Amino acid sequence: MKLHQATGQGQNLFTGYGEGHVLINKIRHDGNLVVTPDEVRPWAPASFEELASEHFTVLLELEPEVVLFGSGARLRFPHPRLTAELTNAGIGVEVMDTQAACRTFNILLAEDRRVIVALFS
């Protein structure tokens with residue numbers, strides 16, 4: 001059996017990251033983002049301290065199977081009440097630092113999972 005690396009053509013893949021930014025398909029993006037396999041959009045909270053349940057509730061419309069939350073350079077957990085609407089809808093929520101969230105997104109995408117990532121860069 002011959003193995004080939006998945007290229008993810010036509011899909012958003014994280015190709016790099018650094019302080020305050022990520023690269024998606026080799027294009028630099030600054031600021032907080034929501035990334036789906038086919039869309040990149042700004043995410044409203046200006047800081048971790050300003051997170052509100054509404055910031056996670058808007059993710060429901062994207063109908064994900066799992067939401068990855070990238071908390072920035074260090075691991076920080078949002079209060080469970082902020083993500084309650086997602087978990088009550090049967091959507092998995094995984095919290096990790098932004099670099100880990102980028103890597104995990106690519107892996108889950110390669111497995112054809114309905115994944116989105118909401119991240120602080």
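Analyst: Happy to! Let's begin with a term: a residue is buried when its relative accessible area is under 20%, exposed when over 50%, and partly exposed in between, using a 1.4 Å probe and protein chains only. F48 and F69 are both buried.

This is a predicted model, where local features need pLDDT of at least 70, side-chain atom pairs count only at pLDDT 80 or more, and totals for chains, interfaces and linings use all residues. Residues are numbered from 1 along each chain as its sequence is written, and side-chain values use heavy atoms, leaving out hydrogens and water. The pLDDT is the predictor's confidence in each residue, from 0 to 100, and the protein chain averages 92.

Now the rings. Those of Phe, Tyr and Trp (its six-membered ring) pair if their centres lie within 6.5 Å; planes under 30 degrees apart are stacked, over 60 edge-to-face, and the rest tilted. The whole structure holds eight aromatic pairs. In one of them, the centres of F48 and F69 are 6.3 Å apart and the planes meet at 40 degrees, so this pair is tilted. It links distant parts of the chain: F48 sits in the loop between β5 (40-42) and α1 (53-57), while F69 belongs to strand β6, 21 residues apart. Here helices (H or I, at least four residues) and strands (E, at least two) are DSSP runs, numbered from the N terminus.
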